[in-house]
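Subject: Structure for you to look at

Hello,

Here is the structure I said I would pass on. My notes follow below it.

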Amino acid sequence: MRRQQSYRFEDQESTSYALRMNRRFSRVESGADLKDYFDRGDIASRENRWNFEVAWEVANKVGGIYTVIRSKAYVSTEEMGEQLCMMGPYKEHCARTEMEEMEFPRGNPLLDAVNALRSRGYKIHTGRWLVDGNPQLILFDIGSAAWKLDQFKNEMWEKCNIGIPHLDIETNDAIILGFMIAEFLEEFRNCAVSYSQNNGLSAPRIVAHFHEWQAGVGLIVLRTRQVEIATVFTTHATLLGRYLCAGNTDFYNNLDKFAVDEEAGKRQIYHRYCLERGATHLPHVFTTVSEITGYEAEHLLKRKPDIITPNGLNVKKFSAIHEFQNLHAVAKEKINEFVRGHFYGHMDFDLDKTLYFFIAGRYEFGNKGADIFIESLARLNAMLKHEKPDTTVVAFLIFPTKTNNFNVDSLRGHAVIKQLRDTINNVQQAVGKRMFDTCLKGHIPNADDLLQKDDLVKIKRCLFAMQRDSMPPVTTHNVSDDWNDPVLASIRRCHLFNSVHDRVKMVFHPEFLTSTNPLFGIDYEEFVRGCHLGVFPSYYEPWGYTPAECTVMGIPSVTTNLSGFGCFMEEHISDPKSYGIYIVDRRYIGLENSVQQLSSFMMEFSRLNRRQRIIQRNRTERLSDLLDWRTLGIYYRQARVKALQAVYPDYVDELTLYGSRNNLIFSRPHSEPPSPTSSRHTTPAPSVHGSDDEDSVDEETELKELGIK
């Protein structure tokens, strides 16, 4: 199990931070929304304002930042139009399907800058990203500038005293990309100045936004060369923080005690840490994705973030409010099909009284909270046996790891179920034909005449084939080195073997879900829609896209106060639990108490009847507006404006009227706070609030929203 002892900070620091984390904005009207600035770059063009976004993950599907950049592309282009350009490395295997190559129009300073770098021997690809918004792309072929690597490293050493080991290929690539991008931006600024002077435009105002340390090299070069460009740097997770948490360190209790240089040196990442720290201190504006990551950066990178820029999603609303409920029912039936095959011969539970819980993500057993999830499931199993023996929970663990092949028993189960279904369908058709023929003759069908002996023999053969002495497998694949696998080891320790007496059934699926998967046959999004509860009790989670994806699909989820998503929800919702957001305390209480809290949350959810779960899903889906980029994108705009004002003091933007981040707030969800217990007994998790009249949602309204007359 995990380190989490008793997380207590010094009194003054703990009090001030807790106050920041517990602000309640949900009752105040929003002051600004990014939709107010959607003009496809009309204002930016008149102001001669340019925005460049730089990340290793641009049109390069590696890591979670790809989701951030990709999903934000639409609102970014709606705001900036052709004044926006995204830049990253050219990776041919991704670019083939992600990018439509084309040249910039003649006379455009972007084309002039690209041609200038091409004349230096650099290979550059330009075009548009094939995602919502179709933003302009510039991708740099790192190999075309590899011959200058020693020159780049020498400049980095002379100006920053940062030495790069020759054998660190990833850092070498980051150095090459950073210098190519810095040279491009420097050249672009010169071209833009000339273009502006020749066309009677105001001086260009340029801001470059860099994500993570790999892209941050370009920022360091720009600042050391003193190029007049406004810079923003965003860290989505600190490099050292990931390494420290992976080593079972009592992380949050010792943040202010780590000797950061020594810790980075021990892990042979000191040069990377120096690059990240340099990229943190040199920009005009430094941002992180959550309050908890900002606190981490303050201690490990030695700079407080100027602005918090939470991650959002592209939320697509349905025309009918209850449509997402229908999608849940359809997807759940597909999961039912998997369960029938996986648990064949042991289907002693009612699927109508079965709940599907899941955890998914990178296989970081402790960081993702899989350790306390399995432990809590063992306790939930005991509680269900005692209190609700007719309710079954199937817990899915979706963690990709090395496997040999599919589990033969699992494949056989699906084949047996298919054979049974085909046999029943054939018998059903034969019986229907006999019934029709008998009725056609004017006789009432006799049961013995309809179901013949041959039909019974076929059905019996299928039933005998379904019998098995062994228990259903806990994994769908043969995991390599399964004896040392942390998930399987924890399942063995907790004795969750899918026995007939267990009310919690385990399914470990060690690969990502795709629609071509022979067992599930559904992709990850559809799988999430079909589940009842996502459980993500992470110990280290700078943001947390998995619970955010659950929320926009209307699926309740469990998160923690050590994840950026959990802190964000605590800050903006008065009573998260009543909206299907269960927040486990992994910060201020011990490990045992956290396990008890998680198991009690899951038991509390298991007690809900179907009606209550429907109401809760409705409420969860209402929170999707909070996570929409149309709402959260305003923070990115604020960061750019602040950087521009640092470089161009005469620049004024409407956003300054709204003040600091603390005044950028969200309107409350339509039914928030939830109804008092007295007004509606079906409220999933009642809470007490000041005004019953203002906040109550009556039964008739809920029924109308559900489409029930």
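In this chain, 75% of the contacts between residues at least 6 apart in sequence join residues at least 24 apart. Please keep in mind that the model is predicted.

Overall picture: the protein chain has 709 residues, and 59% of them count as buried. Its secondary structure comes to 26 helices and 17 strands.

Nonpolar cores: the largest one has 90 residues, and Phe-396, Met-506 and Phe-527 have the most contacts inside it. Helix α14, residues 370-387, gives the most to this core, namely 8 residues. At least three residues come from each of domain 1 (40-239 + 269-308) and domain 2 (322-402 + 411-436 + 454-627). A second, separate core has 87 residues, including Val-54, Val-114, Phe-184 and Val-641. In soluble globular proteins, nonpolar side chains tend to be buried together.

Phe-527: leaving aside residues up to four places away in sequence, Phe-527 touches Ile-335, Phe-358, Phe-396, Ile-398, Leu-513, Phe-520 and Ile-522.

Val-479: this residue lies in strand β13, which covers residues 477-479. Val-479 counts as buried because its relative accessible area is 8%, under the 20% cut-off. With residues up to four places away again left out, its contacts are Thr-401, Lys-402, Thr-403, Asp-485, Leu-488, Phe-508 and Pro-510. Asn-407 is 72 residues from Val-479 along the chain, and their C-alpha atoms are separated by 8.9 Å.

Regards

Key:
Residues numbered from 1 in each chain as written. Predicted model: local features only at pLDDT ≥ 70, side-chain atom pairs only at ≥ 80, totals over all residues. Heavy atoms only, no water. Helix = DSSP H or I, 4+ residues; strand = E, 2+ residues; numbered from the N terminus. Buried < 20%, exposed > 50% of the residue type's maximum accessible area, 1.4 Å probe, protein only. Contact = heavy atoms within 4.5 Å. Core = buried A, V, L, I, M, F, W, Y, C linked by side-chain atoms within 4.5 Å. Domains from an automatic or database assignment.
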